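Subject: Structure handover

Hi,

Here is the structure I promised to pass on to you. My notes on it follow just below.

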Amino acid sequence: MKPLLASTAAALCLAASTIASADTTLILGEAGPNRGARAAALQSFADDVTARTNGEVNIDIQWGGALFKANAAAQAIADGVADLGTVIAVYFPQEMLSYSFADLPMRNEDAWVGMRATDELMRTSDAITKSLADQNLVYIGTFTTSAVNIACKDVAIRTVEDIAGLKVRGVGAYGDTFRDFGANMVAMPIYDAYQGLDTGLLNCSQGYSYAVAALKQQEVMTSYTLLNWGQVGALGIFMNKDVYDSLDAETQSAMADAGIAMADKLGELITAANDAALETMKDAGVEVVDLPAGERDKLVQQGKQYVDEWVERANAAGLDGTSLLEQYRTLLEKYAEERDGQGYPWARG
């Protein structure tokens, strides 16, 4: 079926008291391929929506950038090229400012905790909802790349002093913080880091455990430092507001519930994938270094300037950056306490 374009959404509306009609198909645009933990979580979201609506709503995922590339996603969804799709905030620094708090280099290294805290703030903040509505967008659910760590060849990072002089491929504010500690930053996609490490163009590459194993970087690295620092978490599913508003309340509720459940599913998948990746590295002879808390705190303190910059930008955009950040920290504590007290959702029996 063709996507339900925003321009035709009104024609698809039923009376407010009705439910979504049978065989409603929503088109979801995804720039990435249909493989890996995030793709599996996205498919579980689509299947969950169908189950929660008793088969009345189906989601047709268009993979691999078939409808739009990652750097065009937000506008494409707002314009109705797709009914909903994945948006990566870093490509939209102004439009997704209200979402990019999840990318900040804070004490936030647990994938599930980070996703659930981000998800709750995105759903409950009136300011964020309005910011998105002004762009004809509605938040549906969130992903994460999981914790940012660093792989190196022929060197190891055990203290922040070890960073100085290294050629490093970095990630956002995490890379900026490494630059502050004297790293020579190299602009390079993570997919090229294998060759960069192998040839000496890089000494180290920031990334994520599951990605190291998926890209076979353990073959060309000698150490892997767990930074215990933070993650890149501002990537998720957004929906065209006109299309969303055309859905009945029960379907909207099903979409929200499926979006929340998606964070639990990805948390399960990515935690297992990261654990398996660490074993793969160790089996390949890679030294896994757990950065001491005192050294981690130096990274957090140095990265605070980038957190402060986000607050200033949020304030300038009409958002209360300080309040949003305080709410986010409170939610991180809330879900960390839930994890510590009850375990992860998928391990509760």
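**Around Met106**

Setting aside neighbours within four places in sequence, Met106 is in contact with Tyr174, Trp229, Gly230, Val307, Leu325, Tyr328, Arg329 and Leu332, where contact means heavy atoms within 4.5 Å. Before going further: this is a predicted model, in which local features need pLDDT of at least 70 and side-chain atom pairs count only at pLDDT 80 or more, while totals for chains, interfaces and linings use all residues. Residues are numbered from 1 along each chain as its sequence is written, and side-chain values use heavy atoms, with hydrogens and water left out.

Met106 sits in the loop between β3 and α4. Helices (H or I, at least four residues) and strands (E, at least two) are DSSP runs, numbered from the N terminus. Is Met106 buried or exposed? Met106 is buried, at a relative accessible area of 5%; the cut-offs are under 20% for buried and over 50% for exposed, with partly exposed in between (1.4 Å probe, protein chains only). The C-alpha atoms of Met106 and Lys304 are separated by 7.7 Å, although the two residues are 198 residues apart along the chain.

**The two sheets**

An open sheet of 5 strands has the order β2-β1-β3-β10-β4, with mixed pairing; two strands pair if DSSP finds at least two bridges between them. β2 (57-62) and β4 stand at the edges with a single partner strand each, so one side of each has no neighbour in the sheet. From one strand to the next, the twist averages 30 degrees. Axes here are lines fitted to C-alpha atoms, for helices over the stretch in contact, and angles run from 0 to 180 degrees between N-to-C directions.

Helix α4 packs on this sheet and touches β4 and β10, its direction making about 160 degrees with that of β4. Helix α10 (residues 249-283) also packs on the sheet, touching β1 (24-29), β2, β3, β4 and β10. The direction of α10 makes about 40 degrees with that of β4.

Strand β10 (residues 235-240) is mostly covered, with 6 of its 6 residues buried. Strand β3 (residues 84-88) runs antiparallel to β10 and is joined to β10 by 5 bridges; Ile88 has Leu235 as its bridge partner there. Strand β4 (residues 137-142) is also antiparallel to β10, again over 5 bridges. In that pairing Leu137 is the bridge partner of Asn240, and Thr142 stands opposite Gly236.

There is also an open sheet of 6 strands, in the order β7-β6-β8-β5-β9-β11 and with mixed pairing. Its edges are β7 (184-185) and β11 (287-290), each with a single partner strand, so one side of each is left without a neighbour in the sheet. Within it, strands β5 (residues 149-152) and β8 (residues 204-207) run antiparallel and are joined by 4 bridges, with Cys152 partnered by Cys204.

**The cavity**

How many cavities of 30 Å³ or more does a search of the whole structure find? It finds 1. On a 1 Å grid over the protein atoms alone, a cavity is a set of points where a 1.4 Å probe fits but cannot get out, and lining residues have an atom within 4 Å of a point. The space in the largest cavity is about 30 Å³, a volume being the space filled by probe spheres set on the points, which are joined across faces, edges and corners.

Residues lining the largest cavity include Thr142 and Tyr328. Helix α4 (residues 111-124) gives the most to that lining, with 3 residues.

Best wishes

Definitions and conventions
On a 1 Å grid over the protein atoms alone, a cavity is a set of points where a 1.4 Å probe fits but cannot get out, and a pocket is an open set with protein on both sides within 12 Å along at least five of seven lines; lining residues have an atom within 4 Å of a point.
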